[in-house]
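Hello,

Here is the structure you asked for. My notes follow below it.

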Amino acid sequence: MMNTSKSSFKRLLIVSYRLPFSIQQTEEGAELLQNSGGLVSAVLSMAEQMGQNQGKSATKIHWVGHGDSSLQQLNSSALENDTFVAHPVFMDAAVHKGFYEGFSNDLIWPLFHYFPSYASFKEHDFDCYKQANTRFLEELTALIEPGDLVWIHDFQLMLLPDMLRQAIPDATIGYFFHIPFPTYEIIKLLPRTWRQSLINGILGADVVGFHTTDYVQHFMQSVSEVLYLPIINQRIILPDRAVIVNAFPISIDFNKFNSSGQEADVFAIQQHYKNLLRHNKIIFSVDRLDYTKGITSRLLGYERFLIQNPDWHDKVTFVMTVVPSRDKIAQYQELKREIEETVGRINGLFGTIGWRPIVYSYRSLTFTELMALYTACNIALITPVRDGMNLVCKEFVASRHDLKGVLILSELAGAAQELQDAIIINPTDTQEVADAIKQALVMPLAEQERRLQHMRKHLQNHNVFRWSHDFLSAFNDMITNQPSLETDLPIQPFISAFSDAHKRLLLVDFDGTLAP
Ligand code: GDG
């Protein structure tokens, strides 16, 4: 291995489909501005742990991501600030379309969120996906130096870890998957050669991370069924090395949301909203327009609640913000139409001159508006029908320094594994959603406090910095704790288990016993 301990990593190279930067025009010219998302904060803290000294050009964090053609006009100094160097990957527009809109968004996204009927299987798109991953590889190989840690993100770049491994065999590579990894029954829907390439692609990494242990198990089963590879505890055994696979639940910058929730400008907007809504109880939700977010199920649950609880009419308002996304695509246009029709129907059925049951907007919120709504609402209603993690619910909990408010959370979000003190519902169960709304509205303050305290304590300890720290630490485990087939495992039980691998998940313990 090229690197021996985490402090010896020389530089951090992040690779993701999107570059988390914008370019600002100033009098001196164009300037690179990093956004304030969780991944950027996590990466900054990771660089600190690695001993990278912020501000020194030799140790800047390098970020490789797709760049649109407007960036091609800029000179390279505009793509650098004190902390980051952006490396835009340019590609042919037709390749990008097949790679991003096609293979990533029209196949992997619906399939991995258990919407196989929305998935579109096109050979041309897979070709584009391969070409696009190769473009990322070219950018990376021009950049990588001995001692670098490369951290690749998400489903748009599943082939890249192995491509990089083939090009630079002793590179140190991490890979994190941000969406659910589904059961093998779903993976099986992919043509055989595609699923082999995708899983083999991910296994180019040294450390592979998912949000939950369920996704880890699903991935392990696919590795076993598709590539027939043996698995020892959390490691997949390849002929020349092992790949560590584990759950690293992503999180948020708890302190940022906790303190922003108490700022004066947030408070001012929060009071303004409360006055506008005549101090009704507020239910709040915000999500990108997407069929995975369960927006229609949520509306049906609220409608059922209104039907069954006329005494709550005029006393509660559902503020539902949907953030524009992918709305050039027919499926998303249809979803938008369905949402707007349902909102219109509910408002038409129950609304009066003085009361709109749903205040719906199709736009994005500023950070201050988002914080004002997190802190103004009585209920955060988060009902995805499938979500890798879901950060909105974590942000809501962290914002509630006042220990007031109730989280209603879908059991189909990765976050439900951690936030057990939410009211956990199944979003397709309209009655359960309606009951949960009622339960939340009448929940005594002491119970709201108790539930929030537990969840806040958890998030304080499991914040985004812990996420990146744990991921980084896995590289140390890889180095200090490599299992060896010759010394750690009796060969015979391993071989007999291997021959059965077509049929079941192969989990072999260090003592060579087979786990069921
Ligand atoms: C993927 C996975 C996984 C949203 N609307 C506004 C706004 N936001 C911010 C939220 C939050 C983020 O966007 C959304 O995060 P999610 O986690 O809910 O969802 P995805 O974007 O689908 O992300 C997901 C995540 O990756 C991380 O691994 O959790 O499961 O699908 O931070 O605050 N921010 C502002 N205005 C908005 O209107 N300012």
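Which backbone atom of G388 lies 3.1 Å from an atom of the ligand, and what kind of ligand atom is it? A backbone N or O atom of G388 lies at that distance, and the ligand atom is an oxygen. A backbone N or O atom of N390 is 2.9 Å from a ligand oxygen atom. In D387 a side-chain N or O atom lies 2.5 Å from an oxygen atom of the ligand. The ligand taken alone exposes 740 Å², of which the protein buries 76% (accessible areas by the Shrake-Rupley method with a 1.4 Å probe).

This is a predicted model: local features need pLDDT of at least 70 and side-chain atom pairs pLDDT 80 or more, while totals for chains, interfaces and linings use all residues. Residues are numbered from 1 along each chain as its sequence is written, and side-chain values use heavy atoms, without hydrogens and water.

There are 21 residues around the ligand (a heavy atom within 4 Å). H178, L365, D387, M389 and E395 come nearest. Helix α12 (367-376) is one of the elements that supply at least two shell residues (helices are DSSP runs of H or I, at least four residues; strands are runs of E, at least two). With 3 residues, α12 gives the most.

Elsewhere, H87 sits in strand β5, residues 84-89. Its relative accessible area is 13%, so H87 counts as buried (under 20%, 1.4 Å probe, protein chains only). The side chains of H87 and H62 are joined by a polar contact of 2.8 Å (a pair of N or O atoms within 3.5 Å, one able to donate a hydrogen and the other to accept it; residues adjacent in sequence count only if both atoms are side-chain atoms).

Regards

Definitions and conventions. Buried < 20%, exposed > 50% of the residue type's maximum accessible area, 1.4 Å probe, protein only.
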